[in-house]
Amino acid sequence: MEFEGCSCFRQRLVLSTLSRKREKILNIRSKDDNPGLRDFEASFVRLLDKVTNGTRIEINQTGTVLFYQPGLLYGGSVEHECNVQRSIGYYLEALLMLAPFGKTLLRAVLKGVTNDPTDPSVDLLKVTAIPLMKKFGIDGAGLEIKVLKRGMTPAGGGEVLFTCPVRRSMKPVQLTEPGKIKRIRGTAISLQMANRIVDSARSILNKFIPDIYIYTDHMKGASSGKSAGFGLTLVAETVNGTFLGAEVMSTPQGQGDPVLPEDFGRNCAKLLLEEVYRVSITKHTFVSGVDRYVIEFLRHIRDFFQIMFKIEQQKPGEDEQKGGEKVLMTCVGAGYSNISKTIK
Amino acid sequence: MEKKEQKRHQHKHSGPKAQKKNRKKEQGTEQEQDERKRNPRAFSVQSAVRMAKTFHRAQDIKTKKHHIPLVDRTPLEPPPVVVVVMGPPKVGKSTLIRCLIKNYTRQKLSDICGPVTIVSGKKRRLTLIECNNDINSMIDLAKVADLVLMLIDASFGFEMETFEFLNICQVHGFPRVMGVLTHLDTFKNNKTLSKTKKRLKHRFWTEVYQGAKLFYLSGMVYGEYQTQEVKNLGRFISVMKFRPLVWRTSHPYVVADRMQDLTDPEAIRLNPKCDRTVSLYGYLRGTFLKNKCQVHIPGVGDFSVSDVSFLPDPCPLPEVIKKRALNVKERLLYAPLAGVGGLVYDKDAVYIDMPSGHASRQQEEVRPTTELVQSLIGTQATLDAKMAASKVSLFTGTAALTPEEVQENEKQNPMESREWDENAQRERRRAVFADEDEKDDDEEEESDEAEEEEEEEEDEDEEGLTTLKKVDEKADETAAPPVKKQKIKEPMEMPAFADSDDELEKSEGEESEEEEEVAEEEEEDSNDEEELGGLFKVSRPERSKKVRADAMDCSRFQPDSSHDWDQEEMLASIRDCFVTGKWEEDKDAATLLKENDELYGDFEDLQTGEVHKAKTGNKDKAEEGNDDEIKGDGGDDDDEEEEAPQVKLDDDEVQKNKRLEKKRRLKERFDAQYDDGDATYFDDLKEEMQKQAELNRQEFEDVDDEVRVQYEGFRPGMYVRVEIPALPCEFVTNFDPHYPIVLGGLGPSEGNVGYLQMRLKKHRWHSRILKTRDPLILSLGWRRFQTIPLYYIEDHNGRHRLLKYTPEHMHCGATIWGPITPQGTGFLAVQTVGGIKANFRIAATGVVLDLDKSVTIVKKLKLIGYPYKIFKNTCFIQGMFNTVLEVAKFEGASIRTVSGIKGQIKKALRTPLGAFRATFEDRLLMSDIVFLRSWYPVLVPQLYNPVTSLLMPVGQKDTWAGMRTLGHLKHDLGIRNKPNQDSLYKPVVRQVRHFNTLHIPKELQKALPFKNKPKQMQAKGKTPRDLQRPAVVREPHEKKVAALLDALSSVYAYKNKKAKAEQHAKHKEFLKQKEKQDAERQKRLKEERKKTYRAMGQKEKKKLKSSLKGASKDN
């Protein structure tokens, strides 16, 4: 398979690894002043190499062409120094998709930036992705994301432990009813301003539901990372066990406009409401909102696995006040099973 | 004998005994029913251990019956059941198929080649396939067969093929097997017949399962089996049930019943050996087949499908199910490879003319292959039209297009081939409908379709007259089904972005060019919106901006700035997403409660005599608050606020009622949870599967087939046409319809090659053990391929140690380089597929355990060294290594002598090269040999050679020979190994042992007693002259006397000898005579004895008769 450009770089590599189809990505930033793969992408490719066996990667001199022939997913103990240009969430999102299909239990220690404004942070993935994976039948004691050290944007220094057991196949999932939100939880990362952030966020959310609890993260000394920053992650749990998350992170020091912690908390709460507004439901995979990234992902799934999603629009009831219009997506699975796992 | 009249038993009518009996009679039946009650002691627990054991056993038996429940994926209209008729040659396979066909369809088919599909009943179709006596065919058909009719020549007994086939079946998932005994009319004797039947039946049972059905076809009538028996067999087939097999339910497959070469005749003319494009037809079985997937054709190789389409069913089931049997019109027969019926090729469909009631219709004389060729020749023109119509040929045909169009195509040539079709289609569509865009889209499409259909018909009518242009237009329209359009929209944008890497560049350079296009797109976008709803309205500004190919790869959603969450309306819009919001009618706690009250509301407390009435109004509200408390996990501030009004009503009655209500509900919930306690895990699992199956079936039920196929792939049961490009030309030129063509769909990543670790066992009937590195032909998944296995065994520490040969009766591991196949798949191995050399061809069977890209198999390597200098426990050893570097690598390694003294390598010495210092636990001797045990990794040879038996010339398809084994090669080339000189046998030469004389010191001699003292034995001297005896010299007279005596004695001896010989001869004669007489006498005696016995017997009989008579009289 051939692709152009580096958009959806991770999707392509992950799907290629899962479907074991070789691929070639051409013209990666070929017209750019700084052509070729960026450091964080190279780091990502290296991480893939670590969790697989027999992967062949060829990159041309300028880094504008990448040839990727996937090997078998292996898992095992992996330690990776993630590039600080992107946060660990960037890497973790891919690992979440790959880890259940390895040969052995994955135990990855990722080092780098835990929270940054661009990518979903580790905290957000922890509270939203893990319950979702459990719905797919990937449960047990092994599955967890743990923040060992925190690291903020410019310098990093954070450390995250991700462990995931392997499964032979996944269960079909029906997430047709988002359910009503029964509680809101959150984590505030900050030393001094945590209370102010929390209070402002609560002031908005309290109008809807009283069951709110926002923890404050206590990472001190070396485990608090090399640079300063603050942030807030909120997650809403519904009665059906669906999790909706939102987060806001401070920009690195010296960049962007300074914000008040109160505004900050309010912004985050609003983001959560936005999330609630457009939460959509699918039968086989959970996608929050149909944005471009999701559409790209669906297209890539179709290219790699020949799976097409049936997208139906759900009409809201007349007097229901449940936010935006929702879509229901259905697909027939590809019959994918983990061929790395050994049977005895 | 005198018989006494015995006194009859007198029943007691009174007394305790009679009472007891009466009692018994009254309760008798009841007591017998429940023995446990009557005699509780006999059923009391004697031993807890024993009870536990019996319980365990019962449970074991119960659970053994369970199979893992599978999701039922059988389609509503299942594909025909594949019935494979198998047996050694000359056993009556073709006759049986002919009879079955006649039985079901009342038609005669003289030559059976290729699969024959018939409608056998109201809900069942059959595909009959004959399996020829080639192990390739046997393997392929065992993988697709639902039912195997195993023909056995009863007059001969079982043949090896039968057992081989059964073993093949066993490995690839056991289909239903039914034995059919033929040639039963050759038995003249009824007893031998029944004995043979029984013997064969029991052997068959041990092989299949106890009680497997074995059918008897007793004899032939006019070259056919008896009608009644065939009818019975047919009934058995029609009611048979099949269990889904794992491999087949997870892989789509097609047993091709028609083949058509689509290659451009011109290309073939230019190069007769060019790769062919072939379309294969057949019913899809197994699971869903996705378009553009990979398939494996056993005997040919792996191919990617270029196009799949479904056709109207050529052999459909009757549409309305009536009570009665099928009528003649519904009894269809479809066997294109056997050339049945007049084939009519029509664009993409085949119509078979089958006038009803033509049982006596003659089959075409032409051979099937020529039939095929003929059809090709005959349909050349239609083929062209078809080529133009199909998607792929559209682009091969672009050479004929107008140059502008070609340019246009080139300009937008994207990288992903998939998008390409659709993109081009869209462009075309624009050109055609430029003036029709104002119309409503739906209308437009409909009218288009109508038009195109009309056009098609026209085209076909006036084939010769059609201009190129027209063909193109038609192609455009037909290739784009109306449904596809909506999903084409998205991908088609991609190429445009890929072309213009920079936005700026584009806006300057291309905008003017693309202005029109953009306008077009806008319009289509609006169509999109109509089709997909407001979903894409939101992202539309983004779309017009166009995402660059090098966009940032971030999964975070960019929030929509249009929502202002400070406003009350916005906040109100999501109020119902929270538990505090309004619930749906069917989930609302208040309504639910009300319902509950209606159901259970009125009840009377029996203890107090109170009557509780269902409550309404504000009490309901109170309960709602209460309910919230339960749901919302405990008291929150807001809940309490809601509860506040209820607190005002605070009188005891209400509180009490509330508590009672709550209790009742809790109890109900408890009951609901625990009442169905006997539902096991297994039942739950089954139910879950059932639900999933139901859901799967319902989801796409009401969708149109064209669209449905895109969502879920082609359904099993559909008649599909699979187009495969780049098939080797031999497939077409050497096509033999007698050999089955199976298209086995491959899952994702099953097209790749890697290392496979498997558990393997030599088949116990294969006469020889297998050697490592000898090529072996494996049948694994759909494939048959030759590969080189390495056998290994896992040591206790997990090390994989190489074996030279497979163990005789034990499992061992095997690693091959082969196609990635899911773990748990069974395989079988044969040494050759060409000819029959071994008496049982299946060499080994096993299962795939693991797949990997690297393997670690090691073999033992012993390095040997010799001490050249020995200190106390240290010594210098040489001869093990050659350089200092080698020694350095092994520093600290443990070494050992043959005598068992352990030691360790310490450090290399400067001279001699490769020598080192080592310490041992004891002092070594110079004669000791030191060795180092190490493990050396072995590489698995990367041979993966698919068996291409279908490409062999007709008649030689069973002669495929791949790589030869070393033994074969040596045998063929006449090479003999030069044996090791030491291993040869030589005559044993014993050397004479030489002992030294025993020397006893003089002192010791003196001390010894006389009898132990060495005796001074001196050698005997020469006998003195006087003791020597003189020689005798005879006188002349004496000489004469001696001579005479000699002569006389020899005469006597001769006479004696002669007389003895005479006597012997006479005796022999006498013996002969005597024997004769004896025999005669014996005969006479026997005769006499017989006579007597007969007489005696008769007497006895008479006696018996008379006695019987007497007895009867007596009674």
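Guide: In this predicted model, helix α28(B) is followed by Gly713(B), whose phi is positive, near 85°.

Visitor: And which residues of α28(B) are buried?

Guide: They are Val707(B), Arg708(B), Val709(B), Gln710(B), Tyr711(B) and Glu712(B). With six of its eight residues buried, the helix, which spans residues 705-712 of chain B, is largely enclosed by the rest of the structure.

Visitor: How many residues of helix α3 of chain A are buried?

Guide: Ten of the eleven, so α3, residues 88-98, is largely enclosed by the rest of the structure. Among the buried residues are Tyr90(A), Tyr91(A) and Glu93(A).

Visitor: Turning to charges, how many salt bridges are there over all chains?

Guide: The count comes to 31.

Visitor: What does Asp119(A) pair with?

Guide: Its side chain forms a salt bridge with that of Arg86(A), at 2.7 Å from N to O. Asp119(A) lies in the loop between β8 and α4 of chain A, and Arg86(A) in the loop between β7 and α3, so the pair ties together parts that are 33 residues apart in sequence.

Visitor: Is Asp119(A) buried or exposed?

Guide: Asp119(A) is buried, because its relative accessible area is 0%, under the 20% cut-off. Arg86(A), at 3%, also counts as buried.

Visitor: Which residue forms a salt bridge with Asp123(A)?

Guide: Arg150(A) does, and the closest N and O atoms are 2.9 Å apart. Asp123(A) is in helix α4 of chain A, whereas Arg150(A) is in the loop between β9 and β10, 27 residues apart.

Methods
Residues are numbered from 1 along each chain as its sequence is written. Chains are lettered from A and ligands numbered from 1 in the order in which they are written. This is a predicted model: local features need pLDDT of at least 70, side-chain atom pairs count only at pLDDT 80 or more; totals for chains, interfaces and linings use all residues. Side-chain values use heavy atoms; hydrogens and water are left out. Buried means under 20% relative accessible area, exposed over 50%, partly exposed in between (1.4 Å probe, protein chains only). Helices (H or I, at least four residues) and strands (E, at least two) are DSSP runs, numbered from the N terminus. A salt bridge is a side-chain nitrogen of Lys or Arg within 4 Å of a carboxyl oxygen of Asp or Glu.
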